[in-house]
Amino acid sequence: MNCIIIDDEATARLVIRQLCKQVDSLNIVGEFPDAIEAIKFLNQQEEVDLIFLDIHMPGLTGFDFIQTIKNPPKVVLTTSDPQFAIDAFEYECIVDYIVKPIVLPRFLKAVQKVENLISVDVKEKPIVVQKTEVEKENAPKGNDLYVNIDRRLVKIDIPSIYLIEAKGDYIQIKTDSKSYVVHSTLKKIEDKLPDDLFFKVHRSYIINTTMIVDIEDNSVLIKKDVVPVSRSNKPELIRRLNLL
Amino acid sequence: MESPNLNYIKELSGGDTAFEEQIINIIKDEFPKEKETYFSSVNAEDFNALVEIVHKLKHKISIFGLTKTYEIAVSYESSLKDNKMDFKKEFEDALVVITSYLETI
């Protein structure tokens with residue numbers, strides 16, 4: 001796992017670095033004394049799986065930092081403040097909360113938690129949209145999409161999909177009730193979706209246009225997700241709307 | 001008052017003496033600066049700055065295995081949040097002890 005360390009205290013960064021050295025699966029790709037520097041790094045480097053993040057920092061706090069970045073990777077908070085533990089539950093990306101001084105057994109437990117979650121994510125990726133008979137026959141785009149999850153073909157109700165996001169070699173399909181991570185591409189799934197419902201607003205996003213809440217500047221709100229709209233695709237998106 | 005020790009650093013190092021040397025050097029570099037910030041914040045009666053710097057010094061206190069002093073620092077930090085300075089003397093005594101200890105390692 002590629003990880004970064006964000007802590008304004010050099011001593012604390014060194015402690016975490018030393019702990020990371022004792023875990024073969026951890027690869028430190030950056031260390032930052034403040035959140036701003038880390039944001040700049042994350043904007044350029046996509047492959048960060050885990051952040052060891054201090055809460056108390058000058059400028060942006062650890063929580064401010066999480067709110068600032070889009071699609072944060074897994075986060076383990078490292079802090080001297082046990083009282084913030086409850087706040088940590090507000091954030092889906094926060095996997096664990098370690099109170100300083102950090103000892104190796106507690107650190108290993110946190111890393112194990114992260115590894116377990118990442119493993120589940122990959123399994124849930126379920127979906128290698130299979131090149132099955134269905135594809136070969138170029139089946140019509142009906143209301144159902146079948147995806148392969150743990151050797152089972154799972155049916156997804158197409159109209160319930162509201163957002164599909166490209167994530168490297170995977171796509172994340174979000175429906176009203178569930179989210180699926182599938183080993184596939186936006187192009188492949190786009191071909192399986194009805195054009196009158198779905199529109200590719202950005203190279204990384206396909207939305208269900210019936211689920212739009214509002215559009216503002218170059219972003220669209222789909223349920224609770226804010227999705228960017230590329231400048232070139234915006235005119236077509238507007239054209240599809242029933243404008244007053 | 002309890003005495004500082006290197007137990008935590010030794011435990012972390014697992015015999016890695018380069019790490020031990022490195023962390024001690026970093027603490028020797030950071031601690032005096034943090035102490036200076038602390039006293040200038042005391043003089044300025046800047047409680048927000050004091051909360052921040054006591055919080056930071058707390059970590060150093062814990063690294064040296066000063067568990068009782070750490071509790072004092074927690075209480076002091078909490079008091080500072082209420083614009084009070086309870087436990088100031090005890091906390092500053094601990095800074096003196098750590099300063100002396102750093103000269104021996």
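This is a predicted model: local features need pLDDT of at least 70, side-chain atom pairs count only at pLDDT 80 or more; totals for chains, interfaces and linings use all residues.
Chain A holds an open sheet of five strands. Their order is E2-E1-E3-E4-E5, and the pairing is parallel. Strand E2 (27–32) and strand E5 (94–99) of chain A lie at the edges, since each pairs on one side only. Neighbouring strands in this sheet are turned by 20° against each other on average, with direction ignored. In general, strands of a sheet pair through backbone hydrogen bonds, either parallel or antiparallel.

One pairing can be followed at the level of residues. Strand E1 (residues 2–6) of chain A runs parallel to strand E3 (residues 50–54) of chain A, and four bridges join them. Within this pair, Ile4(A) stands opposite Ile51(A) in E3(A).

| Strand | Residues |
|---|---|
| E1(A) | 2–6 |
| E2(A) | 27–32 |
| E3(A) | 50–54 |
| E5(A) | 94–99 |

Helix H1 of chain A covers residues 10–21.

Helix H8 (residues 234–240) of chain A contains Ile238(A). Is Ile238(A) buried or exposed? Ile238(A) counts as exposed because it has 11 C-beta neighbours inside 10 Å, and the cut-off for exposed is 12 or fewer. Ile238(A) lies 23 residues from Ile215(A) in sequence. In space, their C-alpha atoms are 9.2 Å apart.

**Chain B**

Chain B has five helices and zero strands. From the N terminus on, its elements run α-α-α-α-α. Chain B has 105 residues, and 30% of them are buried. Take the contacts in chain B between residues at least 6 apart in sequence: 47% of these join residues at least 24 apart.

**Where the chains meet**

Here 16 residues of chain B are in contact with eleven residues of chain A. On the chain B side, helix H1 (7–13), helix H2 (17–44) and helix H3 (47–63) each supply at least two residues. Which helix gives the most? H3(B) does, with eight residues. By class, this side of chain B has seven nonpolar, four polar and five charged residues.

Terms used: Residues are numbered from 1 along each chain as its sequence is written. Chains are lettered from A and ligands numbered from 1 in the order in which they are written. Two residues are in contact if their C-beta atoms, placed from the backbone, lie within 7 Å. Ala, Val, Leu, Ile, Met, Phe, Trp, Tyr, Cys and Pro count as nonpolar, Asp, Glu, Lys and Arg as charged, and the others, Gly among them, as polar. A residue is buried if 20 or more other C-beta atoms lie within 10 Å of its own, exposed if 12 or fewer, and partly exposed in between; C-beta atoms are placed from the backbone. The expected span of a helix is 1.5 Å times one less than its number of residues. Two strands pair if DSSP finds at least two bridges between them. Axes are lines fitted to C-alpha atoms, for helices over the stretch in contact, and angles run from 0 to 180 degrees between N-to-C directions.
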